[in-house]
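I open these notebook entries with the structure itself. My entries on what I looked up follow below.

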Amino acid sequence: MVQVGDADRVVLLDLDDPAHPPRILTGPAAEIWTAVDGRRTLAEVTGVVAEAFDAPVDTVAGDVSAFVASLLEARLVEEVAR
């Protein structure tokens, strides 16, 4: 998977499967993708996103969790043991 773009728009390309269409992430989705760096916990990612949008953590927590779950389901990220 290769990421191109900036903080406002991220395009994900699967170089191992050229038939897989690119995924374009904008807004909160791009912010979440950027925050999921392999070192942060889900709670930390939620905090980063909340801060970026000047929103309470509990307001964004459900959306962040659902989006991360969709990334896991699509195998764009992997869950790691801490």
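What covers the buried residues of H2? I found that the cover includes H1 and H3. Here contact means heavy atoms within 4.5 Å, and buried means under 20% relative accessible area, exposed over 50%, with partly exposed in between (1.4 Å probe, protein chains only). Helices (H or I, at least four residues) and strands (E, at least two) are DSSP runs, numbered from the N terminus.

I noted that this is a predicted model, in which local features need pLDDT of at least 70 and side-chain atom pairs count only at pLDDT 80 or more, while totals for chains, interfaces and linings use all residues. Residues are numbered from 1 along each chain as its sequence is written, and side-chain values use heavy atoms, with hydrogens and water left out.

I next checked confidence, given as pLDDT (the predictor's confidence in each residue, from 0 to 100). The protein chain averages 88, and 90% of the residues score at least 70. Strand S1 (residues 2-5) has the lowest confidence, at a mean of 56, and H2 the highest, at 97.

I returned to H2 and listed Val45, Thr46, Val49 and Ala50 as buried. Seen down the axis of H2, these buried residues fall within an arc of 135° (taken over the directions from the helix axis to the C-beta atoms), so they line one face of the helix. Ala43 and Glu51, on the other side of H2, are exposed.

I then looked up isoleucine 32. Leaving aside neighbours within four places in sequence, isoleucine 32 is in contact with Val45, Val49, Val64, Phe67 and Val68.
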